[in-house]
Amino acid sequence: MRAQNLLIRTTVLLFSLLALQLTVCARASGLEMRGDTIYLIVPDRFADGDPTNNTAVVPGLYDNTRTDWQKFWGGDLAGVKQKLDYLQAVGATTVWVTPVYQNSPVIGTYHGYQMQDLFRVDPHHGSWSTVDGLTCDMHARGVKMMLDISLNSGPSTSAGSPNGSQCLLKKDGVVVARYTQDTDAWFHHNGPIDWNNFTYWDQVNKDIFGLADLNQDNPNVMDYLKQGAALWQYHGVDCFRLDAAKHFEPSRGREWMDAVNQVAGWLGKPGTYAVGEWYSGGAWNSESLWWTSTAGTAQFDFQLEEQLRGVTGEWKSMYDLRDTLNARQGAYGTDGSGGQNVHWQVNFFDSQDTQRLIVPLMQKYNNASEVHQRIAMALGLLEMVPGIPMVFYGTEQYLYNDTVNINGVAGGDPYNRPMMTSFDTSTLAGQVLKKASDLRRVSPAVQYGDIVERWIDSGLFIFSRQAAGSAVLVGVNNGWQSRTVNVSAIPFPNGSYADVLGLTSAINVSNGTASVTVPARSTVIFSYLPNPLSTGPISDGRCSMAPPNMSGPPPSGQIVIDGENIPADFAGKLRATQINPTQFGDSNGSGNGSELNQLFVTNDGTNLYLGATGNLETNGNALLVFLDTGGGTPDPISATTGPPVISGIQGTQMDEGFAPRWVIAVRATSGSAFAVDLVDLSSNTQTSLGSGVFNSGSGALTGGDHPNGELVAFDNGNAAGVTGTTVQDANTASTGIEMKLPFSTLKLMSGTVKVMACITGGSGYFSNQSLPSMGISSSQVVGGYVNLGMAPIDFNRVAGNQYVSVILSGISYQTFSSLSQARLLSDGAPVTLTNQTGIGAFSALGCYYVQDPEEYAGIRVVRQGTLAEIGQKVNVSGFLSTLDGERVLYATTQALGGAAAVPIPVKMGNSSLGGISGGGALGVIDGLGPVNVGLNVSTWGRVTATGTDSIAGAFFYVDDGSHLSDGSVVGGVPTRGIRVYSSFVIPPVGRVVRISGVSSVEQIKSESRPRILTRVPSDVAVID
């Protein structure tokens, strides 16, 4: 996307002075791109490879007639994959796709420039498996993947009008920021740029074209952009195009570049590459040079674009082109490796933001044959000038639509993005592009040779380039007649050289001189190439790894917890395989070396079983198994109890979507013994499960506390699996650690358990051995991720998900119709509650309450999605727990029925609210009556104070004369009475009210205190 108002001003003298001081710009990318030809695709308009996704998200966004230019037309990533043969046949070596991450589900987002969720593939384009299939096929062909990414903007501020409900950002489906409720300052709110009068501050802090401007000064925003990019890198993206680069600070661009280069290194790649869309940038734009140098990126050369279009249509002379090319060679500075940085910039004459060049050519010449020759001429020239060529999809097919847009431009946006209708590899333009691209890929002269003028007049330009013993001679003639001239100082040995493009006769070079014929409307190319550069597939070990078997048959027979025969015990329950050679030492079966090879997880309805093949060095290293059983833990990790390694990993932030409550720490206490500790990360408490003996063949633990029959066995004699140089045999290890963990120990709150296993040093130094594995590696060589180092570690910045999700099956739920019986069970007990009645739903708290027919007890039900309304029948299954002094059911399934009689509110005084301890129910401070938490209740009294909190919202206090106090202070005055939450009515202080609602509990001053949650306006009645 680019600004289309031609009144954009040049910047201030400061940038000119800075540019004059540039001698070294961005260092050359570790990812070699100078031999590439970038082919830009708007996927929705290229090829429809999977018609089933055409109506994804909102069916009305798709137009099967392809007449509504703002709707989706069906192209997708599967279509790109199907056309890879074609793309290679026309010379594409890097495929740039406009954004394919999830956009706002509104009309006008087919092009992808309204980012809503950087962590998901837009369903119109496919899924992560689609991306993986495409990038793996591309890499096998030696083709790179370039992703268009916005570091500047989110969705339109009016997305989902009239209230902008879709102007938000998500992280893998979870809303992290809303433009209309931006309490954490993810966006700027400074209005749109006035293109007729703006400053540099406006340029980087205001909205462009109605898109919500991201606040990159917010570390959360930068983390979002870095982590999202890392995820795409993990799925095969090699390089990036940065949308609207001029509209964010280059220092933030540098910060982001440093992060993606680090991820590329972790993935075993030499680095990444990014090119910024700095509209109007080029050799004569000092601000763009300053931005590029500071950010460490390349840029699109808009000034050269103007010259290439100009000479193609005879609006510019060859002298204009020559002057621009000369200015470019020194303007960009050197690349830190002795070369000119100009060779890393991207050149183009067509793009998704411009009127296709073919449109004004047809307007001028009105002759298709004439115009097709000129397009071919422009492509040949584009390939041969210094810099990386970029071709817009369909240019080689002479694709265009000349409908006049709302700005009065024929073939302007959106009509410059028609559906690709032809994939003919025999067009003149396609043949020229392919032959020139093939030469660029292997010729040092074309990739990084300086340009030297050999002949010029207004319509003919001949130049040479040479490097590393190779040379090219290029002639371009935009006139109507063939031209033959004598050219001297040609850097070729004596001999005959054919035109690479096959458009003219060979030249015979003698002592550097030759007669050169350049046909009308043509580019010709002659090459001397004694030592071509080599090309080939791109190494991508991710593509050769067999996917884990996540849904195989259950284990045959009883799992024996002995540390032996783990793959056989857990048949079909493989969850992850190691793809990093160990950097903690190779094991030879004698207690040295630490490695993790494969992870297995299953359950039998009562117990969770885990197996991990590998070894643990008996030098203080620890095997940590993190378990997310629901309920979560503070992030980053803050626990301090347990063995020293737990304190050592403080500050570590786990992957988004992974909030472990438990960590099982296994560490050698001697050469023959190991200890097992269970740490509750949420409560910062530790249970020693006891000790075991390596290689004993038994899971029995001695000492410690393991009342539920926990078993852990560790056979440390493995000599197979990964080594320090290869992961090829990761699946050959059969021994390691096995665990049996009863659900009652883990106190489940969810029907899905998430697991991560990793090896650390005793003080919290993270190795590269984790399962699921981080990064990718060739199966034959050292690569992938190195050891992560000392905690704290942010696993969001490590590619891929560092956890596996296991859906529990076969769980035996105890069925109750009486809540008074169910409440007596321990935390983690799986229960089904039948014949319950909904008495109040509270979306802000993510819960509803049910009351049983006995009207003696209620319970809070926590779940995502639909909540039971007042007076609705409910059958619900889940896991019991305790939260803030209340018994809570974390729901896994529910069935909502028809209407039921709402229980009559139980009238009681303030001192009775909350109940008493005993009988398995937690007591509440000042609660003197029966166990009544979660009941439909009523009370009365005088309003003594009002206030708000960040969780439940507005509240007021009601004192019935008992003068209770929960210890809180509002407006500098200690409160009296019971706290009542209401989103409907907040009566003034001093009024007498009658209150109905759900009796509940919350933590105030670290103690459980009663509260009432009102549900409807009539729950608050002012009496006086």
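Is Phe 492 buried or exposed? In this predicted model, local features were considered only at pLDDT of at least 70 and side-chain atom pairs only at pLDDT 80 or more, whereas totals for chains, interfaces and linings use all residues. Residues are numbered from 1 along each chain as its sequence is written, and side-chain values rest on heavy atoms, with hydrogens and water left out. Phe 492 is buried, its relative accessible area being 6%, where buried denotes under 20% relative accessible area, exposed over 50% and partly exposed the range in between (1.4 Å probe, protein chains only).

The whole structure contains 37 aromatic pairs, defined for rings of Phe, Tyr and Trp (its six-membered ring) with centres within 6.5 Å, planes under 30 degrees apart being stacked, over 60 edge-to-face and the rest tilted. The rings of Phe 492 and Tyr 528 form a tilted pair, with centres 6.4 Å apart and planes at 40°. This pair links distant parts of the chain, 36 residues apart, with Phe 492 in the loop between β18 (483-487) and β19 (495-497) and Tyr 528 in strand β22 (residues 522-528), strands being DSSP runs (E, at least two residues) numbered from the N terminus. Tyr 528 is partly exposed, at 25% relative accessibility. By contrast, Phe 955 and Tyr 957 pair edge-to-face, their centres 5.8 Å apart and their planes at 90°; Phe 955 is buried at 4% relative accessibility, as is Tyr 957 at 0%.

A single aromatic cluster is formed by Tyr 39, Phe 46, Tyr 86, Phe 392, Tyr 393 and Phe 423.

Definitions and conventions. Helices (H or I, at least four residues) and strands (E, at least two) are DSSP runs, numbered from the N terminus.
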